[in-house]
Amino acid sequence: MSSVATKPVPAAEASDGSKSSEEEETSIGRQAGRSALETGANEKKQARDLVYAIVENQRGVLHRISGMFRAKGFNITSISIGESSSPDLARMTIVPKGDEAALQLLVKQLQKMIDVIEVGTIRPADAIERELALVKFETRDMKSKNEILELSNNLGARAVDVSRDSLVVEFTATPERIDYFINEASKSGAIKEIVRTGLTALRKGL
Amino acid sequence: MKIQVVKLSGSQSLIKALQNEGANVLFGMPGGANLPIYDELSKSEIRHILVRHEQLAAHMADGFARVSRRPGVCLATSGPGATNLVTGIATAYMDSIPMVAITGQVATTSIGKDAFQECDIVGVASPVTKYAFQPTDPATIPSTVKKAFYIAASGRPGPVLIDIPKDTQTAEAETQFPDTVRIRGYNPVVVPDTLQIEKALDIILKAERPMILAGGGVAISGAYAELQALAEALMCPVATTFKGKGVFNETHPLALGPIGMHGHIEANRLILEADVLLAVGTRFSDRSTGKVSDFVPKTTVIHIDIDPSEINKNKAVDLGIVGDVKASLRALLEAFMRRARRNEIKKWSERFQEVKESCRNEWHVDMSKISAISVLKKLREVLPPDALVTTEVGQCQMWASLHFDVIEPGTFYSSTGLGTMGFGFPAAIGAKVAAPNRPVLDIAGDGSFNMTEAALATSVLDNIPVIVVIMNNTMLGMVAQWQRLFYERRYHGVKLYGVPDFVKLAEAYRAQGLRVQSIDEFAKAIKLGLRSDIATIIDIPISPEEDVFPFVVPGTALKDMIVA
């Protein structure tokens, strides 16, 4: 198991999704991505597995699940939710925080919920992990604009909105690559806004 | 599947669906947003029991459910009616009691507009219910009710809320009444894994000092006979949690009584000597374990519970078995019968009998003087073993746990999880509705009884006679005890000054009020209450200085128990 650092550029298919949180805490992207759902407790050991849940796609489900996290004191790094292969089911991907025991309790509490049809964990080695980020830069000169465009091009990100003094870049990648992009690009232009979807994942193969 | 299709209003569907579930009693209070339901209720066979505050309706439904082991049903209007139910719903949730709480809601067209008496009760109640429904299509009401009863009563039971907007109550629809419902995300495991049972038995048979810790799950699954049979087969002493008090005859030679903060001395001492602990239907609450890291740290613990999320939640265990307590105990017993060999545990039998006797001798009770202890010992003498007993919360509750032995299993009910003062009296009324031919008695203190005394109106007017014994120390006694022990007797906010006069209060409600000054008078008053066809309130003055001991101070371990 190798810990993925923020530098150099992580491989597109990072074999290990474990996050060394101390380093990432300094990156703008991580902080922005986390602020909505975490309560800020720092734990010693990071659970490495991702949790997915197939849930009833109906009113109030997100409220129940987020309420359970709050009531039981679970901290999470991110949660993403969207429709799944069936329109009456939604799929959530949760990046938990805390140790192995906390992960086990979280999975059991999710299983206990009546709206939750299926819960599973995905080991990072088996996971295809992606996150989408939109990053808006203030680019007062052509030099900085070109630098960001070049970086985007090299990493596989793309500019989706360009105006005289601003630039919006869309980047779908692993969280580590997004962190890297944000970190590097911020040297070339002032970041005005960031939005990240949180991690979503599927298990490789059938 | 047999399906009938008829055109009905939401309220009509609700009443019919409730009757289909066998709900023939409902505790409730009307209001603007549940009037259509009340109108249909008036035309039905369902017995409606009117309360004077919705919290009492929830506690009554709770008491009814504990005795009948079927979901209790309560009904309130929107807004304050619904929020008043919440304490009672939370009480049931913490004690895993099946309940279906029905609330009226403002019309769907007004939801979210901050309409008069609007409250997002689904949001409020979510953390304290197993599930909360808000049907907005009258055609879905029968399946919603069916699901609610199924969820409330199955697996680890608990309260379920159905919040029905007023326009859904009145709207008509072609309505089907399904015989069964399927909830794909809800499949509680009932039957324990055979291999796990065999593994558990291996551990138990090798034990030198085995002990059973029985929790409330034994009562919920009605496994009294299985528990006794297994304990006797294994010659294994049985301690309980407080929630499990009375799931095992406390006068049985193998009984040790409850462990915990105010547990029996012998139970708290002996559980630390066990080498194998079979814990059934318990969540290892802090009240039972004391400081959990020091709770049976070297003992091999087997944990049986129907709720998988309880395994390793509070206490890391050596073997977790998911299953219904009754089914699991039966499987263990059957597996035991198939095997013959086991370790000799004669030494252990002698040891626990010796500790038990010496601990029982630590109590010196002067039966000629009134004290909490003498009152409860006398009560046990006078009260028939099949009488149902509820308690309030505080000193009276802990004294009852320590000094009132439950003889017939499953006849003792208390708010053990949430610790809701005022629970005992309305719960006693609910219990009496479920078992009208049995005596029902609430062991109370003045502070707790004060909180829900308005249930006297229901008891008198609906002819539901129960007995309330108020051990009156004119104090919020447990808080006073803590202020005495931990705050250098700086009493603040605990003196109640003997107000109100409970005899006069009883009379004001047309009930029977009796004040007694001696143990003999007390015994006579109980006998009078047992014969009475109206509620009997017995006010018995006790010392404001009497403490509850033993005491395991929160944050300390069972071994640090203060005996006196």
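Here is a quick tour of a predicted model with a chain A and a chain B. Chain A splits into domain 1 (31–125) and domain 2 (127–203), and an open sheet of 4 strands belongs to this chain. Chain B has 564 residues, 57% of which count as buried. The two chains touch, with 16 residues of chain A and 15 residues of chain B taking part in the contact.

**The sheet in chain A**

- Reading across the open sheet, the strands come in the order β2-β3-β1-β4 of chain A, and they pair in the antiparallel sense.
- Which strands stand at the edges? They are β2 (76–83) and β4 (116–122) of chain A; each has a single partner strand, so one side of each has no neighbour in the sheet.
- On average, neighbouring strands here are turned by 15° against each other, leaving direction aside.

**Strand β1 of chain A and its partners**

- Strand β1 (residues 50–56) of chain A is linked by 6 bridges to strand β3 (residues 89–96) of chain A, and the two run antiparallel.
- β1(A) also pairs with β4(A), again antiparallel, over 6 bridges.
- V55(A) is a handy residue to look for: A90(A) in β3(A) stands opposite it, and V116(A) is its bridge partner in β4(A).
- Y52(A) is another one to find, with T93(A) of β3(A) standing opposite.

- Strands β1 and β3 pair through 6 bridges in chain A, and helix α4 (residues 100–112) of chain A packs on their sheet, touching β1, β3 and β4 of chain A.
- The direction of α4 makes about 160° with that of β4(A).

**Where the two domains of chain A meet**

- The C-alpha centres of domain 1 and domain 2 of chain A are 26 Å apart.
- On the domain 1 side of chain A, 12 residues are in contact with 9 residues of domain 2 of chain A.
- Several elements give two or more residues to that side of domain 1: α2 (28–34), β1, β2 and β3 of chain A.
- Which element gives the most to the side of domain 1 of chain A that touches domain 2 of chain A? It is β2(A), with 3 residues.
- By class, the residues on this side of domain 1 of chain A come to 7 nonpolar, 4 polar and 1 charged.

- Helix α6 (residues 175–185) of chain A is mostly covered, since 9 of its 11 residues are buried.
- Among the buried residues of α6(A) are I178(A), Y180(A), F181(A) and I182(A), along with E176(A), R177(A) and D179(A).
- Strand β6 (residues 158–162) of chain A is hardly covered: of its 5 residues, the number buried is 0.
- β6(A) is joined by 4 bridges to strand β7 (residues 166–173) of chain A, and the pair runs antiparallel.
- To spot this pair, look for R158(A), whose bridge partner in β7(A) is E170(A).
- A hairpin leads from β6(A) to β7(A) through 3 residues.

**Chain B as a whole**

- The C-alpha trace of chain B spans about 70 × 60 × 45 Å along its principal axes.
- If you take the contacts in chain B between residues at least 6 apart in sequence, 76% of them join residues at least 24 apart.

**One residue of chain B: D193(B)**

- Where is D193(B) found? It sits in the loop between β8 (172–176) and α8 (194–206) of chain B.
- D193(B) counts as partly exposed because it has 14 C-beta neighbours inside 10 Å.
- D193(B) and T240(B) are 47 residues apart along the chain, and their C-alpha atoms are separated by 24 Å.

**Where chain B meets chain A**

- The contact draws 15 residues from chain B and 16 residues from chain A.
- The chain B side that touches chain A consists of 7 nonpolar, 5 polar and 3 charged residues.

Notes: Residues numbered from 1 in each chain as written. Chains lettered and ligands numbered in written order. Predicted model: local features only at pLDDT ≥ 70, side-chain atom pairs only at ≥ 80, totals over all residues. Pairing = 2+ DSSP bridges. Axes fitted to C-alpha atoms, helices over the stretch in contact; angles between N-to-C directions. Contact = placed C-beta atoms within 7 Å. Nonpolar A, V, L, I, M, F, W, Y, C, P; charged D, E, K, R; others polar. Domains from an automatic or database assignment. Buried ≥ 20, exposed ≤ 12 C-beta atoms within 10 Å, placed from the backbone.
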